[in-house]
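Colleague: I am new to reading models like this one. Can we go through it in short questions and answers?

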Amino acid sequence: MTVLEQPGAYRPTPPPAWQPRVDAAPLLPDAEPYRLLGTDAAADIDPALLTRLYGELVRGRRYNTQATALTRQGRLAVYPSSTGQEACQVAAGLVLREQDWLFPSYRDTLAAVVRGLDPVHALTLLRGDWHSGYDPRDHRVAPLCTPLATQLPHAVGLAHAARLKGDDVVALALVGDGGTSEGDFHEALNFAAVWRAPVVFLIQNNGFAISVPLAKQTAAPSLAHKAVGYGMPGRLVDGNDAVAVHQVLGEAVRRARAGGGPTLVEAVTYRLEAHTNADDATRYRSDAEVEAWRAHDPITLLEEAMRDRGLLDDQAVQAARDAAERMAADLRTRMHQDPALDPMDLFEDVYAEKTGQLREQADALRAELAAEEGER
């Protein structure tokens with residue numbers, strides 16, 4: 001006999017299957033991506049924010065071109081450029097407080113740099129060097145994630161743990177449109193919504209999962225609509241409007257920090273470069289399509305808006321470019337220095353305390369290296 005079969009047992013009556021648990025209307029995204037630049041509301045945007053965003057966008061574009069050049073020179077094994085998507089990257093790097101965490105994908109090195117990570121350290125993993133290239137705790141930036149969407153459950157777990165401990169922490173997790181087809185994406189959203197974890201998901205919808213267009217991944221009205229199925233708000237934003245992305249992400253972060261739970265943000269943008277240096281994008285998209293998106297370049301959009309308000313002139317534009325060039329020169333110089341590699345680093349930072357098997361392997365390698373040195 002089960003508990004419910006016992007005489008006098010409480011038997012809750014389930015609600016009808018059709019009855020919604022929450023009102024879906026407030027969770028639905030706008031029909032069109034939210035924009036600020038070019039609208040009347042743009043006149044009220046803080047000039048200091050515009051200046052900061054513009055400087056970071058210019059620096060980000062130069063960072064992308066320099067990293068791509070380093071790949072061609074053999075200094076990086078691979079580089080997934082975020083050229084064209086800099087507005088998403090910059091906004092993500094700026095909206096968080098010091099104690100918050102950023103969970104990037106492999107394409108989000110620029111967001112980590114804007115967050116404060118050394119550009120060389122942000123690229124270390126992509127050149128095949130030491131672990132993730134940096135200590136995640138120092139900058140509250142999780143290791144770059146090359147498997148699709150696996151960083152999302154990690155972000156939810158950290159955010160949920162912080163909430164249980166009473167820590168004032170929000171996690172911002174970045175993912176591409178291709179990552180939304182992975183099981184980790186759905187598991188993370190469901191976990192986050194059920195537990196009201198203080199986490200924000202940013203989908204950078206750049207149109208393609210390598211060569212697979214979005215239309216072959218989903219039949220949903222938008223990726224932001226997926227939020228409703230998990231009981232969280234979905235926001236749709238123009239991913240090339242840096243101010244709009246910053247505002248939407250900022251609102252989502254504040255909502256999460258106040259206990260309102262997670263938000264799913266879809267930023268509609270475009271990858272102007274190939275998926276990586278190993279990809280031939282001409283095989284699956286036309287030059288005309290790329291050029292159409294160049295006309296919607298995030299730097300151009302912001303520059304025109306600032307010039308219209310008298311907040312930017314040729315001298316300020318050149319100053320931003322000069323600062324970006326100094327960053328690129330420093331990056332180039334340091335990346336051309338061959339790193340000093342120690343094979344014993346293989347056994348560091350794997351566990352807080354080395355296991356017996358790791359110690360045995362380390363001893364075996366140490367003996368092998370000593371033998372090689374003795375033969376010279």
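Colleague: Is Y79 buried or exposed?

Modeller: This is a predicted model, where local features need pLDDT of at least 70, side-chain atom pairs count only at pLDDT 80 or more, and totals for chains, interfaces and linings use all residues. Residues are numbered from 1 along each chain as its sequence is written, and side-chain values use heavy atoms, with hydrogens and water left out. Buried means under 20% relative accessible area, exposed over 50%, and partly exposed in between (1.4 Å probe, protein chains only). Y79 has 3% relative accessibility, so Y79 counts as buried.

Colleague: How many aromatic pairs does a search of the whole structure find?

Modeller: Rings of Phe, Tyr and Trp (its six-membered ring) pair if their centres lie within 6.5 Å. Planes under 30 degrees apart count as stacked, over 60 as edge-to-face and the rest as tilted. The search of the whole structure finds five.

Colleague: Which kind of pair do Y63 and Y79 make?

Modeller: Their ring centres are 6.4 Å apart. Their planes stand at 80 degrees, so the pair is edge-to-face.

Colleague: How many residues apart in sequence are the parts that Y63 and Y79 tie together?

Modeller: Helices (H or I, at least four residues) and strands (E, at least two) are DSSP runs, numbered from the N terminus. Y63 lies in helix α1 (residues 47-72). Y79 lies in the loop between α1 and α2 (86-94), so the parts tied together are apart in sequence by 16 residues.

Colleague: What is the relative accessible area of Y63?

Modeller: Y63 is buried. Its relative accessible area is 1%.

Colleague: Which kind of pair do F208 and Y270 make?

Modeller: Both F208 and Y270 are buried. Their ring centres are 6.5 Å apart and their planes stand at 75 degrees, so the pair is edge-to-face.

Colleague: Which residues form one aromatic cluster with F208 and Y270?

Modeller: F208 lies in strand β4 (residues 208-209). Y270 lies in the loop between β7 (263-268) and α9 (287-294). The cluster holds F208 and Y270 together with Y284 and W293.

Colleague: In β7, which residue is the bridge partner of L202?

Modeller: Two strands pair if DSSP finds at least two bridges between them. Strand β3 (residues 199-205) and β7 run parallel, joined by six bridges. In β7, the partner of L202 is V265.

Colleague: In β7, which residue is the bridge partner of L236?

Modeller: Strand β6 (residues 234-238) pairs with β7 in the parallel sense, over five bridges. Five of the six residues of β7 are buried. In β7, the partner of L236 is E266.
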